[in-house]
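Subject: A structure to look at, with notes

Dear colleague,

I am handing over a structure that I would like you to read through with the notes below at your side. Please open it first, and then follow the text from one part to the next.

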Amino acid sequence: MKHLILITIAFFSFLGTQNLLAQKTSHLPHNEKENYIVLTRKVPQLKPIIYAAKDLAMQDGNTFGEFHVVICGKTILETKDHVQMKSYLDLAKNYNVKIFACGFSMKKFGVKASELPQEMEIVENGILYNFQLQKKGFKSITL
């Protein structure tokens, strides 16, 4: 009898969890994904940003889409430090996070594309890129 009660409780707990997950994603049309973009002005923020992406991927499950990070401002100079950037880029790759450099910031602070790690892509203007992705439904934050 005791086992039957425990199984019943576990079953209803499972159903409640499934119902909660269905409610969390019911606002999304079929095949829609949750996408995110972060603009950051500090390279050391990459680690907590990437871990936030990891947690969101777990929470969103099948609805997790893309996660982009754009490095803007004077901190773009730090992207030339390939040793420092390697740990961030490896971590980002593990969690399907794309890290971009802001081309506008690169021009302003004299950073050449050849000075960036190969894994980094460049967007012409990080702020414009952010707005463009917001128009496509990406959730956005600037740090």
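Predicted model: local features only at pLDDT ≥ 70, side-chain atom pairs only at ≥ 80, totals over all residues.

The overall plan

The protein chain holds 5 helices and 5 strands, and, read from the N terminus on, its elements follow the pattern α-β-α-β-α-β-α-β-α-β. Of its 143 residues, 34% are buried, and the accessible surface amounts to about 9500 Å², with 59% of that belonging to carbon and sulfur atoms. Among the contacts with a separation of 6 or more, 74% are between residues 24 or more positions apart.

In what order do the 5 strands of the open sheet lie? The order is 4-3-2-1-5, and the pairing is parallel. Strand 4 (121-123) and strand 5 (139-142) are at the edges and have a single partner strand each, so one side of each is left without a neighbour in the sheet. On average, and with direction ignored, neighbouring strands of this sheet are turned by 25° against each other. Strand 3 (residues 97-102) runs parallel to strand 4 and is joined to it by 3 bridges, and Ala 101 has Ile 122 in strand 4 as its bridge partner.

Helix 3 (residues 82-94) lies across strand 2 (64-71) and strand 3, at about 135° to strand 3, while helix 5 (residues 126-135) lies across strand 1 (34-40), strand 2, strand 3, strand 4 and strand 5, at about 165° to strand 1.

The nonpolar cores

Which residues of the largest nonpolar core touch the most other members? They are Leu 46, Phe 67, Ile 71, Met 85, Val 97 and Ile 99, in a core of 24 residues. Two or more residues each are given to this core by strand 1, helix 2 (46-60), strand 2, helix 3 and strand 3, and the largest share, 5 residues, comes from helix 3. Another core, of 10 residues, lies apart from it and has Val 70, Cys 72, Val 123 and Leu 133 among its members.

Helix 2 against helix 3

Helix 2 and helix 3 pack with their axes 10 Å apart and at an angle of about 5°, which makes helix 2 roughly parallel to helix 3. On the side of helix 2 the contact is made by Leu 46, Lys 47, Ile 50 and Tyr 51, and on the side of helix 3 by Met 85, Tyr 88, Leu 91 and Ala 92.

Two residues in loops

Asn 96, in the loop between helix 3 and strand 3, has a positive phi of about 55° although it is not a glycine. Because exposed means over 50% relative accessible area, Asn 96 counts as exposed at 61%. Gly 137, by contrast, is partly exposed, with a relative accessible area of 47%. Its C-alpha atom is separated by 8.6 Å from that of Tyr 36, although Gly 137 and Tyr 36 are 101 residues apart along the chain.

With best wishes

Terms used
Residues numbered from 1 in each chain as written. Heavy atoms only, no water. Helix = DSSP H or I, 4+ residues; strand = E, 2+ residues; numbered from the N terminus. Buried < 20%, exposed > 50% of the residue type's maximum accessible area, 1.4 Å probe, protein only. Contact = heavy atoms within 4.5 Å. Areas by Shrake-Rupley, 256 points an atom, 1.4 Å probe, with all protein chains shown as cover. Pairing = 2+ DSSP bridges. Axes fitted to C-alpha atoms, helices over the stretch in contact; angles between N-to-C directions. Core = buried A, V, L, I, M, F, W, Y, C linked by side-chain atoms within 4.5 Å. Parallel < 35°, antiparallel > 145°, perpendicular 65-115°, else oblique.
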